[in-house]
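Let's walk through this model together, starting with its aromatic rings and ending with a pair of helices.

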Amino acid sequence: MADPSTSDLVRDAAGGDQGAWNQLVDRYSRLVWAVARGHRLAHADSADVFQTTWLRLVEHLGRLRDPEQLAGWLSTTARHESLRVLRLGRRERPNDDIAGARESKDPGDAGPETALLASEERASVAAAYTRLSERCQGLLRLVVADPGLSYSNVARALGIPVGSIGPTRGRCLEQLRRLLDEQAAIT
């Protein structure tokens, strides 16, 4: 029996057929991954692009104009997501003074003032973290676990789709940043 056409798989996946969705992912995963890695992103950023691309497909699955052109749609979406990650990465790079302060080998070497500031910063982050939703707390706890868990293990543990982990993580981190900003404004 011949493999089903991309149009058939898209139609069936849009109708809720998990097998069809799995076949689409199997068929085009290497393409999406190659586009993300082709932008020379870090592995974690490439994984986020990969997952966000598939999430975008889920969001648009029933509205694709030409399902036979899915490879092009996925390539374009992965490229746009890669460029977005690159733009955001440029904005989020710390300046050298801040980076140097955080790279201190031994907090005791920095002196009591620096140790106190580091302790206060950890306390602020911990306080803001407790104000996050349980979902965000659980996701962030698993994503930053040591050793790090794969996204598939995180998805399994939380009962959520793998493709939603990166975007959800980003929203949770943004919420944590806002909470930290609010705390800073109060003090």
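Is tryptophan 33 buried, partly exposed or exposed? With a relative accessible area of 27%, tryptophan 33 is partly exposed (buried means under 20%, exposed over 50% and partly exposed in between, with a 1.4 Å probe and protein chains only). Please keep in mind that this is a predicted model, where local features need pLDDT of at least 70, side-chain atom pairs count only at pLDDT 80 or more, and totals for chains, interfaces and linings use all residues. Residues are numbered from 1 along each chain as its sequence is written, and side-chain values use heavy atoms, leaving out hydrogens and water.

Phenylalanine 50, at 19% relative accessibility, counts as buried. Its ring and that of tryptophan 54 have centres 6.2 Å apart and planes at 65°, so this pair is edge-to-face (rings of Phe, Tyr and Trp, the last by its six-membered ring, pair if their centres lie within 6.5 Å; planes under 30 degrees apart are stacked, over 60 edge-to-face and the rest tilted). Tryptophan 54 is buried too, with a relative accessible area of 5%. Trp21, Trp33, Phe50 and Trp54 form one aromatic cluster.

Now turn to helices α7 (residues 134-143) and α8 (residues 151-158), whose axes come within 10 Å and cross at roughly 150° (axes are lines fitted to C-alpha atoms over the stretch in contact, and angles run from 0 to 180 degrees between N-to-C directions; helices are DSSP runs of H or I with at least four residues, numbered from the N terminus). That makes α7 roughly antiparallel to α8, a label for angles over 145 degrees. The contact (heavy atoms within 4.5 Å) is made by Gly138, Leu139, Leu142 and Val143 of α7 and Val154, Ala157 and Leu158 of α8.

Key: Helix = DSSP H or I, 4+ residues; strand = E, 2+ residues; numbered from the N terminus. Parallel < 35°, antiparallel > 145°, perpendicular 65-115°, else oblique.
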